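Dear colleague,

Please find the structure below. I would be grateful if you could look through it alongside the notes that come after it.

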Amino acid sequence: MNEEQEKKREHISLTHKPLHNHPDYHLIVLLKRRKKEQGIIPKESMLEATKAFWLPIACLNVDTYSPEILEQIFWESLAKLNAQQELLWNIVGKALRLERPQMMVGSEAMVSHNQKEDLLFDQSDDSDEVIHSGLDYDEAGIL
């Protein structure tokens, strides 16, 4: 790499000011409280959570990284995402007394025991309905 490429940088800045009745407001309060109580900087938390998903995709789309490095980034990201999922289950899932969903092979949806009961009693014919996480996706990921 030449000296100019080594100094090249990108910048991103985020300002988000949700109203107090919006869930994002409570996210910001939590992040600020973690900073005060645990010294965890909100920007670093947000960047770490974002990187766990997007970093392998971003690195795959450039010719900078060897397959070995890409694989390492991929596995590290999966480990971080799995840790985030465990944290959600241990905090939110247990607080709501939810049953952990069972993974199913193929194109079947991943549903919890409670959701299976709801599906058994749903008599509507929604065969064209797509079950997803609630996020919209395009070819590159989340829209």
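Predicted model: local features only at pLDDT ≥ 70, side-chain atom pairs only at ≥ 80, totals over all residues.

Residues are numbered from 1 along each chain as its sequence is written, and side-chain values use heavy atoms, with hydrogens and water left out.

Overall composition

The protein chain holds 5 helices and 2 strands; helices (H or I, at least four residues) and strands (E, at least two) are DSSP runs numbered from the N terminus. Their order from the N terminus is α-α-α-α-α-β-β. Of the 143 residues in the protein chain, 11% count as buried, where buried means under 20% relative accessible area, exposed over 50%, and partly exposed in between, with a 1.4 Å probe and protein chains only. Contact means heavy atoms within 4.5 Å. Among contacts in the protein chain between residues at least 6 apart in sequence, 23% join residues at least 24 apart.

The expected span of a helix is 1.5 Å times one less than its number of residues. For the 16 residues of α2 this gives 22 Å, in agreement with the 22 Å between its end C-alpha atoms. After α2 comes G39, which has a positive phi near 75 degrees.

Helix α3 comprises 19 residues, 42-60, and extends 27 Å from first C-alpha to last, close to the 27 Å expected.

The buried residues of α3 include P42, S45, A52, P56 and C59, and their cover includes α2 (23-38) and α4 (67-95). S45 of α3 counts as buried because its relative accessible area is 17%. Apart from residues up to four places away in sequence, S45 touches L31, R34 and I40.

Packing of α3 against α4

How are α3 and α4 placed relative to each other? They pack at an angle of about 155 degrees, with their axes 9 Å apart, and α3 is therefore roughly antiparallel to α4. The contact draws on E48, A49, K51, A52, F53, L55, P56, C59 and L60 from α3, and on L70, I73, F74, S77, K80, L81 and Q84 from α4. Here axes are lines fitted to C-alpha atoms, for helices over the stretch in contact, and angles run from 0 to 180 degrees between N-to-C directions. Angles under 35 degrees count as roughly parallel, over 145 as roughly antiparallel, 65 to 115 as roughly perpendicular and the rest as oblique.

Two residues illustrate this contact from either side. S77, in helix α4, is buried, with a relative accessible area of 5%.

E48, in helix α3, is partly exposed, at a relative accessible area of 34%. Beyond its neighbours within four places in sequence, E48 is in contact with K80 and Q84. E48 and K80 are 32 residues apart in sequence, and their C-alpha atoms lie 9.0 Å apart in space.

With kind regards
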